[in-house]
Amino acid sequence: MTQSDFASLGLCAPLLAALKARGYDTPTPIQQRAIPLLLDDRDLLGIAQTGTGKTAAFALPILHRLFVTEKKPLQPRSARALVLAPTRELAAQIAASFEAYGRHLRPSVSVVVGGVKHNPQVRALARGVDVLVATPGRLLDHLQGGTLRLDRTEIVVLDEADHMLDLGFLVPIRRILAKLPKSRQTLFFSATMPKDIGALARDMLTDPVEVSVAPVATTAERVDQSVYLVDAAGKRSLLVELLRQPGYERTLVFTRTKHGADKVTRHL
Ligand code: AMP
């Protein structure tokens, strides 16, 4: 594949400036392939994991479309673009990406997720938003309560569809889909494509282009890695010593077996 920069993909200057400020100069493979297709209004079936740059692959063309090709005023209790995500954490990250890439376009971005108060979300939706990032359960509450309507939504994204189905969101997703206009752009991302996901994708997408990228095998740039060579007998005390260091606030420890995990847990 030839290398190219973001400008050659057709993105507008305010987005290019935001990308430059973040230090992105080369699109990742999914960005390279998906962005021109999405700017061309196509539906997309993206088979890609987190770490491939898929968030920017959908956020950039959505912002371009909302602010350049289809500039429109906001409508009360409506969202121009809707992104469904499986967890609160992912929803917050996606919203932060839209805000970062859109810093010169100033989109209104709202997050609607469970486990937090309802009323601030109602107020945020009242005037309408450019981009709404939501988990399916709470979104459905707002639809049923009349605090949100989706009949004017132009673009919908399902992110980590396989993860959402694992969490039991199939029924809420189908109910949400029923409220969306037939004429819309739909983007569907999943790391895996088992039968039930394929069926959902087929129902949602119209003549989609399929973009599949290999998972990234490398570690994220911001992760430092180190190796400690110790005897098996010294591993636990080294772990305790490391965990006592002030930089270790939240730590994931991986073990090879379930039994090993139990032993480490008991020791800690
Ligand atoms: P994602 O797969 O969307 O979760 O993105 C993985 C990480 O890659 C995020 O931390 C992004 O900020 C970063 N990223 C996305 N696209 C690029 C790019 N073209 N150049 C450098 N970093 C990127």
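Predicted model: local features only at pLDDT ≥ 70, side-chain atom pairs only at ≥ 80, totals over all residues.
1. The residues that line the largest cavity are Leu-38, Pro-61, Ile-62, Arg-65, Gln-185 and Leu-187. When they are sorted by class, four are nonpolar, one is polar and one is charged.

2. As to where this lining comes from, helix α3 (54-69) and strand β6 (185-190) each contribute at least two residues, and α3 gives the largest share, with three residues.

3. Turning to the helix pair, the axes of α6 (residues 136-145) and α8 (residues 170-179) come within 9 Å and cross at roughly 45°. An angle under 35 degrees would count as roughly parallel and one of 65 to 115 as roughly perpendicular, and α6 and α8 are therefore oblique to each other. The crossing of these two helices is left-handed.

4. On the α6 side of the contact stand Pro-136, Leu-139, Leu-140, Leu-143 and Gln-144, and these meet Pro-172, Ile-173, Arg-175, Ile-176 and Lys-179 of α8. Taken by class, the residues of this contact divide into seven nonpolar, one polar and two charged.

How values were computed:
Residues numbered from 1 in each chain as written. Heavy atoms only, no water. 1 Å grid on protein atoms, 1.4 Å probe; cavity = no way out; pocket = protein on both sides within 12 Å on 5 of 7 lines; lining within 4 Å. Helix = DSSP H or I, 4+ residues; strand = E, 2+ residues; numbered from the N terminus. Nonpolar A, V, L, I, M, F, W, Y, C, P; charged D, E, K, R; others polar. Axes fitted to C-alpha atoms, helices over the stretch in contact; angles between N-to-C directions. Parallel < 35°, antiparallel > 145°, perpendicular 65-115°, else oblique. Left-handed = near helix turned anticlockwise from the far one by under 90°. Contact = heavy atoms within 4.5 Å.
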